[in-house]
Amino acid sequence: MKKLLALALAVVMLMSVASALAEYKVAFSQIGQESDWRTANTDSIKAAIEGHEGWELIYDDAQQKQENQIKALRNFITQGVDVILFTGVVSTGWEEVLKEVNDEEIPLILVDRMPDCMDQIEYAAAFGGDFVEEGRRQTAWAGEYLKSIGRGEEEINVVIMEGTTGADAQVGRTKGNLAGLEAYPNLKVVAQQSGNFTRAEGQALMESWLKSIDKIDVLIAQNDDMALGAIDAIKAAGKVPGKDIIIVGCDSVKAAFDAIVAGEMNATIECTPLYGPFVVNAVEKLQAGEAMSKTLVHPEEGVYDMDGGIDLGTVVSVKAADVIDERQY
Ligand code: GYE
């Protein structure tokens, strides 16, 4: 009997030591690995959480599938995680599962792509790009640049390579692309299709456009990876990227800076993937029970191009070569 009692006591003591040592579980449902932006985003958030004392990262890569993300969120609930970081591959279809997260009272932090049910759910904080403004900057850059080289009156054919259909970033950038074009009546959209935010699909789409469209003057690619894929297709077709076809990307990843400095790409609109510090700050506040603003926070972002000095109203472009050494992603 005594032995049993001692054993029970030891178990209870062990359990309480274990719970005191238990780490704060930060779960992150990531979309996949479609682009350089995404890799930098994953690295930034992983490093920030893993580098924090007392926090344990529970990471899931959904490989571009909404059903995988829904499963991951439900797994996080079952595991009893302390907080969930979430970015949705598309913007619709999250209400049910996010309400389940709310019912379990697990704080939710929205990062990058927002779900369209933001108004119907509870969340602790939200950080993401201003996709409409990024899209507007893309087409405005093309319009202003053409004016600056004396082609402001010329009829210009534009192709718009869109991101993953239904993603917040695709919906917002497309809206901004089209709104931005209104100020430049000489720019005409001759094709608009998804390249799914990947290099391979960007290349394949550009290949098919080059075969079916006689005159392409400007490519607006909703991310740099698709622009870089398109550059390969343009070269293979015997045309000169950056000259025969003006190319405006989005994200401002290192490879785009290299392409701009090499004269093969004209501009990239910045969209930062570096959300690690934002997330750490929010999770620390959550742990401390401090109140947070629910307003969607957009990081400050620039525009980079071959020569700098293109005025887009809200921002003036910076010459990529001047800042390439400072780039973090
Ligand atoms: O532009 C693209 C990535 O959601 C802002 O997703 C992000 C976008 C980014 O695949 O490269």
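Reply: A residue is called buried when its relative accessible area is under 20%. The model discussed here is predicted.

Me: Why is Glu34 called buried?

Reply: The relative accessible area of Glu34 is 11%. The cut-off is under 20%, so Glu34 counts as buried. This residue is found in the loop between strand S1 (24–30) and helix H2 (36–50).

Me: What makes the pairing of the Glu34 and Gln64 side chains a polar contact?

Reply: The two side chains are joined at 2.8 Å, and the criterion is a pair of N or O atoms within 3.5 Å, with one able to donate a hydrogen and the other to accept it. The side chain of Glu34 also makes a polar contact with that of Arg113, at 3.5 Å. Beyond four places in sequence, Glu34 touches Gln64, Arg113, Phe197, Thr198 and Asp225.

Me: How do you know that Thr268 counts as buried?

Reply: Thr268 has a relative accessibility of 0%. Buried requires a value under 20%; therefore Thr268 is classed as buried. Thr268 lies in strand S10 (residues 267–270).

Me: Which side chain makes a polar contact with the side chain of Thr268, and which backbone nitrogen does Thr268 reach?

Reply: The side-chain partner is Asp224, at 2.9 Å. The backbone nitrogen belongs to Ser252, which the Thr268 side chain reaches at 2.9 Å. Apart from neighbours within four places in sequence, the residues in contact with Thr268 include Asp224, Ser252, Phe257 and Tyr304.

Key: Residues numbered from 1 in each chain as written. Predicted model: local features only at pLDDT ≥ 70, side-chain atom pairs only at ≥ 80, totals over all residues. Heavy atoms only, no water. Helix = DSSP H or I, 4+ residues; strand = E, 2+ residues; numbered from the N terminus. Buried < 20%, exposed > 50% of the residue type's maximum accessible area, 1.4 Å probe, protein only. Contact = heavy atoms within 4.5 Å.
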